[in-house]
Amino acid sequence: MKSFKSLYSKFLEQNKDKLHFAPHSHHYWPDITREAQLEYWDDSAKYVDDKWEYFFTHKIPQTQKLIADTLNLSYPEQIVFAPNTHEFITRLLSCLPQKKQIKILTTNSEFYSFNRQIDRLNEEELFSIKKIPTNPIKDFQRAFINEINNTQYDFIFFSQVFFNSGFALENFNQIIDSINYNPIIVMDGYHGFMAIPTDLKKIEDRCFYISGSYKYAQGGEGCCFMHIPKNCELRPINTGWFARLDQLGSEEDRVTYSNNGMRFAGSTIDFSPLYRLHASMNLFKEKEITISIIHEHVQRLQNKFLEQLKTIHHTELNLNNLLFNDLKHHGHFLTFQLKNNSITKALHLRLKEAGIITDYRSNKIRFGFSIYQDQSDIKKCIEIIKKKSSS
Ligand SMILES: Cc1ncc(COP(=O)(O)O)c(C=O)c1O
């Protein structure tokens, strides 16, 4: 099995005594991102006031192109950046008509950024929210499509890979194809982008796709992006002045928007995370580390982990408690559902004390895998789990 550890020497060096099984939460950054951070500083010193023009004519188009190539998108200029996905969510929601009851369809497994926001909206009479359960997982896609056809929704939001189970949609094209009216359709791709080979070509004209750099793209926090369908005419009420940079100063009766991804832009933003994202994606391109290579590496580690786990008969971490075990349709983390929250927290803390970093939410503990791990890390991890099998 090929090792990619040398690309991450700085994070690994600083964490020698730890086994990081939480890259699905916050990925280690490749060494090259350190230089990118410094490059941002140097470019700021070099270009001063002109740096924005430099960003918009160099770094941003280059990064848009890297993202578009990864997702097989035709129009890189349809990609816009923001510090977090919540900014896109609020901007998209602000496009909804405010005159009737607004119907939103989603799942009960969306990340907090979206879930909290729509729970709050649900407290207002204007909104009606329907959440389709993702459990049992085998019934989800059919149930979701049925509901799409039951009611005319204004807004449909779902994840490519669900953050609370690791389940990856088998066929998101089918979901989009089943929508025979014209709602705003959004896919949260944070656990798919740069982890699972993803081709958006067939849905690029209909679906908004959101992701970011903090996880598998390995650029750290602060650089999320959204792909906007070409010819989109939506006019977000929540709009920043970057959404029409080319028309500054002109007086119009009505607020106008750029005719590309910038239509959904906010305002002044620190682009140093974009420099890091650019550096990390460029590294993969130059080294020809494709998403398929990354995915296969992680799948091998996941299989090895489960194989070895079987042999130690752990009371909590065993295949019966594995929430979803079809590794063919799976994100890069495994989720174990334990009896209750306190058992889960205690296990997480016991493992942390022994140097294994995982994360947990209520009674679910997640083990993530990445190309900065190899089989020896799996072996060490299982040995520690075995030792820490009882409190
Ligand atoms: C599925 C998903 N979407 C979005 C986010 C991040 O949201 P935000 O950028 O709003 O913090 C996460 C973070 O863990 C996530 O798991």
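Arginine 120 and glutamate 124 form a salt bridge, with their closest N and O atoms 2.8 Å apart; the term stands for a side-chain nitrogen of Lys or Arg within 4 Å of a carboxyl oxygen of Asp or Glu. Arginine 120 is partly exposed at 42% relative accessibility, and glutamate 124 is partly exposed too, at 36%. Here buried means under 20% relative accessible area, exposed over 50%, and partly exposed in between, with a 1.4 Å probe and protein chains only.

A word on the ground rules before going on. This is a predicted model, in which local features need pLDDT of at least 70 and side-chain atom pairs count only at pLDDT 80 or more, while totals for chains, interfaces and linings use all residues. Residues are numbered from 1 along each chain as its sequence is written, and side-chain values use heavy atoms, with hydrogens and water left out.

**Salt bridges**

The structure holds 18 salt bridges. One of them joins the side chains of aspartate 374 and lysine 5, at 3.9 Å from N to O. Aspartate 374 sits in the loop between β12 (364-368) and α11 (375-387), and lysine 5 in the segment before α1 (9-14), so this pair ties together parts that are 369 residues apart in sequence. Helices (H or I, at least four residues) and strands (E, at least two) are DSSP runs, numbered from the N terminus. Aspartate 374 is buried at 16% relative accessible area, whereas lysine 5 is partly exposed at 23%.

Another salt bridge links arginine 350 to glutamate 316, with 3.8 Å between the closest N and O atoms. Arginine 350 belongs to helix α10 (residues 341-353) and glutamate 316 to the loop between α9 (291-312) and β9 (333-337), so the pair ties together parts that are 34 residues apart in sequence. Arginine 350 is buried at 15% relative accessibility, and glutamate 316 is buried at 17%. Through shared partners, salt bridges also join Lys5, Asp374 and Asp377 into one network.

**Backbone geometry worth a look**

Most residues other than glycine have a negative phi, and most peptide bonds are trans. Where does this chain have a cis peptide bond? Asparagine 135 and proline 136 are joined by one, with omega about -5°. Proline 136 is found in the loop between β4 (127-132) and α6 (137-150).

| Residue | Phi |
|---|---|
| Methionine 194 | about 70° |
| Glutamine 218 | about 65° |
| Glutamate 288 | near 55° |

Methionine 194 lies in the loop between β6 (184-188) and β7 (207-212) and is buried at 4% relative accessibility. Glutamine 218 lies in the loop between β7 and β8 (224-227) and is buried, with a relative accessible area of 2%. Glutamate 288 follows α8, the helix we turn to next.

Helix α8 (residues 272-286) has 15 residues and should span 21 Å at 1.5 Å a residue; its end C-alpha atoms are 21 Å apart, which agrees. The expected span is 1.5 Å times one less than the number of residues.

How many residues of α8 are buried? The helix is mostly covered, with 12 of its 15 residues buried. Among them are Leu274, Tyr275, Leu277, Met281, Leu283 and Phe284, along with Arg276 and His278. The cover over the buried residues includes α2 (32-47), α3 (51-71), β2 (79-82) and α9.

Two of those covering helices, α2 and α3, have axes that come within 9 Å and cross at roughly 130°. That makes α2 oblique to α3. Axes are lines fitted to C-alpha atoms, for helices over the stretch in contact, and angles run from 0 to 180 degrees between N-to-C directions. Angles under 35 degrees count as roughly parallel, over 145 as roughly antiparallel, 65 to 115 as roughly perpendicular and the rest as oblique. The contact (heavy atoms within 4.5 Å) is made by Glu39, Tyr40, Asp43, Ser44 and Tyr47 of α2 and Lys51, Tyr54, Phe55 and Lys59 of α3.

**Serine 178**

Serine 178 lies in the loop between α7 (172-177) and β6 and is buried at 15% relative accessibility. A polar atom of the serine 178 side chain lies 2.7 Å from the backbone oxygen of isoleucine 175. Leaving aside neighbours within four places in sequence, serine 178 is in contact with Ile145, Ile148 and Asn149.

How values were computed
A polar contact is a pair of N or O atoms within 3.5 Å; within protein, one must be able to donate a hydrogen and the other to accept it, and residues adjacent in sequence count only if both atoms are side-chain atoms.
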